[in-house]
Amino acid sequence: MKAKKVSNAIRLTTEDKVVNGVAIFIGLFTFLVTVYPIYYCLIYAFSDGTMAMAKQIYLFPTSPTLDNFRAVLTDKLLVNSFLISVARTATAVVTSVAFTALTAYALTRKELVGRRIYSMIAMFTMYFGGGVIPTYLLYRSLHILNTFSVYILPGLLSVYNMLLMMAFFRDIPESLVESAQLDGANELKILTRIILPLSTPILATIGLFVGVGAWNDWYTAAYFINDQDLMPMSTILMKLVSAADAARKAREMLADAGGGAGMVKKGTTSVSIQYATMLVSIIPVMCVYPFVQKYFVKGIMVGAIKA
Amino acid sequence: MAAEKVGVAPRGGDPQHSSSRRWIRFKRQIPYQLMILPALIFLIIFAYIPIAGLVIAFQDYSLSTSYFNNPWVGMKHFQAFLKDATFWSAFRNTIQLSLLRMFLVFPMPIILALALNEIPALKFKKTVQTCSYFPHFMAYVVVAALWKDILGNTGLVNNFLRQIGAIQDPISFWTDPAKFKILATLVDMWKGTGWNAIIYFAAISGINNELYEAARIDGAGRFSQIRYITLPEIMNTIIIMFILSIGGLVSGNLSISQLLGNAFTKPESYIIEYYTLEVGLGTMRYSYATAVGMFQSVISVILVLLANFFSNKYQDVGLF
């Protein structure tokens with residue numbers, strides 16, 4: 001593709017220009033459509049809610065304020081849910097990556113008798129499962145409903161992630177393992193001292209997958225948790241949105257009836273607080289994203305080429 | 001454990017040691033089997049017990065008993081839901097949303113990957129790529145809330161259209177059932193296109209450059225290069241991804257349905273998963289809901305197998 005660029009620089013045919021034009025247009029369009037809504041979320045969260053409601057904002061916040069964030073950070077439920085999200089994400093990443101790595105390593109060892117059967121047992125679950133009701137009943141009889149463990153235990157192993165990891169482990173030269181074995185290292189030591197340090201890209205990728213999955217999951221808490229204090233931010237946000245929907249509808253109805261004008265007090269609105277909450281829930285992902293980005297692209301590409 | 005290779009060979013012909021040799025081999029297996037054991041237990045508990053739990057679809061299950069000692073009722077629940085109009089409306093919505101996903105959402109990542117591959121400015125290309133992944137990492141809850149507000153009655157789009165005088169009254173995006181499916185599909189597209197393009201970027205970057213060079217020497221233009229090199233080279237990837245998506249024909253996305261849908265659009269947003277949860281966990285008809293879920297998973301397995309069979313037959317690409 002480098003050669004192509006050189007020839008581009010030398011002479012551009014009409015066809016080249018058309019292709020470049022269309023490609024750049026699609027790229028620009030994708031960029032704007034992706035970035036602008038997120039940017040809009042950002043400027044709304046920093047805007048005065050009533051002002052933003054009175055006059056639509058497009059590019060800059062109106063009467064910039066931190067009130068929306070103050071409202072989020074003083075809300076006990078939101079702060080608690082944020083901490084729950086952090087706790088479940090951190091726990092899930094550590095436990096799931098460790099468990100997946102152990103299993104993937106064992107399955108790539110040629111010495112393991114029954115490797116094929118074990119792989120088949122695992123792969124089968126990718127295509128067929130019991131569904132939500134038997135799963136719910138299982139959690140019920142395990143007594144993990146409405147506990148923190150319902151976030152962690154079922155996610156310990158994902159077969160898909162395991163396959164990605166196995167593809168990566170297979171590329172590590174066997175001679176490294178063999179020489180360690182000759183030195184008398186046991187399997188656990190080989191895994192933690194040799195295999196894992198060489199596998200940072202895939203560990204980061206799978207850590208990211210698990211982390212993002214845990215951070216964004218609203219479903220588990222919506223169906224398997226009753227206790228408000230155990231609910232993560234995504235589930236609380238979902239409830240907030242439907243509540244805000246209802247509130248907005250009520251306000252619009254009031255406004256239609258002619259009595260709504262005096263109802264809105266200056267400063268924050270349910271919409272502006274909602275945007276601030278959304279931003280707070282995106283920020284951790286945004287912070288981690290640039291650092292793991294290079295890994296996950298590499299990791300997933302290795303997996304994609306192998307799979 | 002390389003010692004195994006060294007140690008076993010000389011003793012191989014000695015029958016007297018066969019039992020102790022077996023013992024040694026068994027002992028060597030212990031660490032490996034121990035490493036796989038936790039995963040095996042995990043899969044049995046969290047994957048196979050729920051599969052075994054499917055038997056309650058053929059029983060009248062009640063919470064006071066266990067999976068296996070309930071009265072057997074045969075296909076009663078299957079017959080019941082197949083006669084239920086609500087189920088069929090959920091079924092129809094699920095299929096329609098999946099078809100939209102397969103024919104509108106599916107090609108987008110391919111187009112994006114092909115387009116970005118043609119962009120001459122590397123920096124710009126990388127920036128677009130990096131940004132386009134990002135929505136994948138946003139919670140569906142956030143994405144849904146964002147688009148619900150932007151397309152809301154007093155949201156960005158309606159306000160803008162009113163300001164430029166294009167419309168008088170706001171367009172009701174999310175309360176009009178007729179618009180739900182296409183809007184939900186667009187939101188899905190927004191969230192997933194960049195991320196799903198990664199696999200095609202990978203496939204394209206794996207293409208041998210000599211092919212392009214040879215084509216250029218033969219006088220092929222950029223269009224011909226896309227048409228006769230890039231596309232055919234990533235065709236296998238496209239087919240595999242398509243096969244995988246066929247299995248999802250009867251599965252819906254609960255996030256779309258529950259987070260973007262509302263009371264107004266329920267006739268269009270109600271999908272099988274939603275139905276299962278509502279009758280199962282909502283009204284506690286566990287056996288009935290399990291029957292619905294089982295029907296759904298069996299169909300998707302059959303679809304995956306069929307799709308795989310046909311692609312093996314005609315294209316020599318398959319999953320297994």
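Guide: A residue is buried if 20 or more other C-beta atoms lie within 10 Å of its own, exposed if 12 or fewer, and partly exposed in between, with C-beta atoms placed from the backbone. The model is predicted, and local features need pLDDT of at least 70, side-chain atom pairs count only at pLDDT 80 or more, while totals for chains, interfaces and linings use all residues. Residues are numbered from 1 along each chain as its sequence is written, and chains are lettered from A in the order in which they are written.

Visitor: Why is M284(B) called partly exposed?

Guide: M284(B) has 13 other C-beta atoms within 10 Å. Buried needs 20 or more and exposed 12 or fewer, so M284(B) is partly exposed.

Visitor: What is the phi of M284(B), and where is its place?

Guide: Phi of M284(B) is near 60°, a positive value in a residue other than glycine. Most residues other than glycine have a negative phi. M284(B) is in the loop between α14 (272-282) and α15 (286-315) of chain B; helices (H or I, at least four residues) and strands (E, at least two) are DSSP runs, numbered from the N terminus.

Visitor: Why is S63(A) called partly exposed?

Guide: S63(A) has 14 other C-beta atoms within 10 Å, and is therefore partly exposed. S63(A) is not a glycine, yet has a positive phi of about 30°. Its place is in the loop between α3 (49-54) and α4 (67-73) of chain A.

Visitor: What makes helix α7 of chain A mostly covered?

Guide: Eight of the 11 residues of helix α7 (residues 132-142) of chain A are buried. Among them are V132(A), I133(A), P134(A) and Y139(A). Just after α7(A), H143(A) takes a positive phi of about 60°.

Visitor: How do you know that chain A and chain B are in contact?

Guide: Two residues are in contact if their C-beta atoms, placed from the backbone, lie within 7 Å. By that rule, 81 residues of chain A are in contact with 75 residues of chain B. Helix α2 (residues 14-45) of chain A gives the largest share of chain A's side, 17 residues. That side has 53 nonpolar, 20 polar and eight charged residues, where Ala, Val, Leu, Ile, Met, Phe, Trp, Tyr, Cys and Pro count as nonpolar, Asp, Glu, Lys and Arg as charged, and the others, Gly among them, as polar.

Visitor: What makes a set of residues a nonpolar core?

Guide: Such a core is a set of buried Ala, Val, Leu, Ile, Met, Phe, Trp, Tyr and Cys residues joined through C-beta atoms within 7 Å. The largest has 113 residues, and V141(B) is one of those that touch the most other members. The largest share of this core, 12 residues, comes from helix α5 (residues 76-108) of chain A.

Visitor: Why does this core lie between domain 1 and domain 2 of chain B?

Guide: Domain 1 (14-74) and domain 2 (78-314) of chain B both give residues to this core, so it lies between them. The domain bounds come from an automatic or database domain assignment. The centres of these domains, taken over C-alpha atoms, are 37 Å apart.

Visitor: How does the radius of gyration of chain B stand against that of a compact globule?

Guide: The radius is taken over C-alpha atoms, and the globule rule is 2.2 Å times the number of residues to the power 0.38. For 320 residues the rule gives a value near 20 Å, but chain B has 27 Å. The C-alpha trace of chain B spans about 95 × 75 × 35 Å along its principal axes.
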